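Look through the predicted model shown here. The briefing below goes through a few of its residues and its nonpolar cores.

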Amino acid sequence: MQLKIALLGGDGIGPEVLAESVKCLQAVAETFNHQFTYTKALIGAVAIEKHHTPLPDQALEICANADATLFGTIGTPEYDNDPSAKVRPEQGLLLLRKELGLYANIRPVKMFPEIIDNSPLSKKLVSGTDFEIYRELTGGIYYGEKSISEDETVATDLCTYSEIEISRIAHKAFKAAKKRRKKLTLVDKANVLETSRLWRRTVSTIAKSYPEVTLECLYIDNAAVQLLLNPSAFDIILTDNMFGDMLSDQGSVIIGSQGLLPSASIGEYHCMFEPVHGSFPQAKGMNKANPVAAIFSAALLLGHFGLKEESKAVIASVRKSFKKKIVTPDILGSSKYGTDYVGDFIADHITDIDDDMNMNDENIGLGKSTII
Ligand code: IPM
Ligand code: MN
């Protein structure tokens, strides 16, 4: 298969982790005989510095013309600590999502037995965790009208949702539930918010077309509790932009590190793949950020284009790295392996399943792994 992939490293650790996921895509291309071509573009604080805008037209064009976009991370402490900044890095990402129409953000949260000890929660509790958050990505409070009073003492963020915005992602979520454990949990705040009541009404109506799927509705506050008390009870979680942002970071705590969760942002015409985590500015350039969320995002990209074996091969290789403890310090405090070493290991061990048995285990720990 030929794929044109746009690469948007962004700020902080974004470019570093993205480089590792590109290594893995290249390993897939070589192993499975595909042709992937890449075009880089600037977004976020780096784009503001160079072009005075967080999303230059050229970057948007590159993404719009690509088959898929692979995204790093966005945001820097300078802007975080300056709430009055008129232009912010994050606006670039929000505009890009909107312009590409990426309304469905899918965030899989899966516990792998190899790293279960890394979770701050008990093994018994987190074992079997395997859910997907369907986060609405181009509406709600993120995109509503914003205002601040002249004396800057009163501010407003409007939250608006339409039935169409809710139903298009709801259908995607129900279809996913149908193929999985057939349970869909709608998370909202319908006891307080009008938008949430619209979500409940719309989703309950759509549920009738999916009789094999059980619909459960939870308020966000209760969902936050249940997710920690019994994560394995969740299958598909459907929720709005803001609640989905929060719940997905909570999901990363269950799994044990923010460096592990990927996401797929899907629209009618475009798709983008992005780690759930932030730009981790403290680690920028230090070669210690976990590249796995970015690498798993590449696996989601492959799966999106029907390259199922390829996607599985990437995941299998990451699991080998877990098993051999070739991981960054967020997974194992004493680990001396850096971002690039972990990325190299994972890229080196992407094989098609038939080849897998021939892996020369002996050399792995030395970083000289060879496929014989
Ligand atoms: C995410 C991020 C973004 C979001 C930020 C960087 C705007 O936190 O993808 O979860 O809030 O959507
Ligand atoms: Mn977030």
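The side chain of D11 reaches the backbone nitrogen of V46, at 3.2 Å. D11 itself is found in the loop between β1 (2-10) and α1 (14-32). This is a predicted model.

- D11 is buried yet has no salt bridge.
- The nearest side chain of opposite charge belongs to K284, 6.7 Å away, whereas a salt bridge is counted only within 4 Å.
- Leaving aside neighbours within four places in sequence, D11 is in contact with I43, G44, A45, V46, T73, I74, G75, T76, P89 and S279.

**Nonpolar cores**
- The largest nonpolar core has 84 residues, and F36, L70 and L238 are those with the most contacts inside it.
- Helix α1 gives the most to this core, with eight residues.
- Another core, of 17 residues, lies apart from it, and A6, I62, I74 and M272 are among its members.
- L238, from the largest core, is in contact with residues including Y134, I169, L186, W199 and V203, leaving aside neighbours within four places in sequence.

**S317**
- S317 lies in helix α12, which covers residues 308-323.
- S317 counts as buried because its relative accessible area is 0%, and the cut-off for buried is under 20%.
- Not counting residues up to four places away in sequence, S317 touches F345, I346, H349 and I350.

How values were computed: Residues numbered from 1 in each chain as written. Chains lettered and ligands numbered in written order. Predicted model: local features only at pLDDT ≥ 70, side-chain atom pairs only at ≥ 80, totals over all residues. Heavy atoms only, no water. Helix = DSSP H or I, 4+ residues; strand = E, 2+ residues; numbered from the N terminus. Buried < 20%, exposed > 50% of the residue type's maximum accessible area, 1.4 Å probe, protein only. Lys, Arg positive; Asp, Glu negative; His and termini not counted. Polar contact = N/O pair within 3.5 Å; in protein donor to acceptor, adjacent residues only side chain to side chain. Contact = heavy atoms within 4.5 Å. Core = buried A, V, L, I, M, F, W, Y, C linked by side-chain atoms within 4.5 Å.
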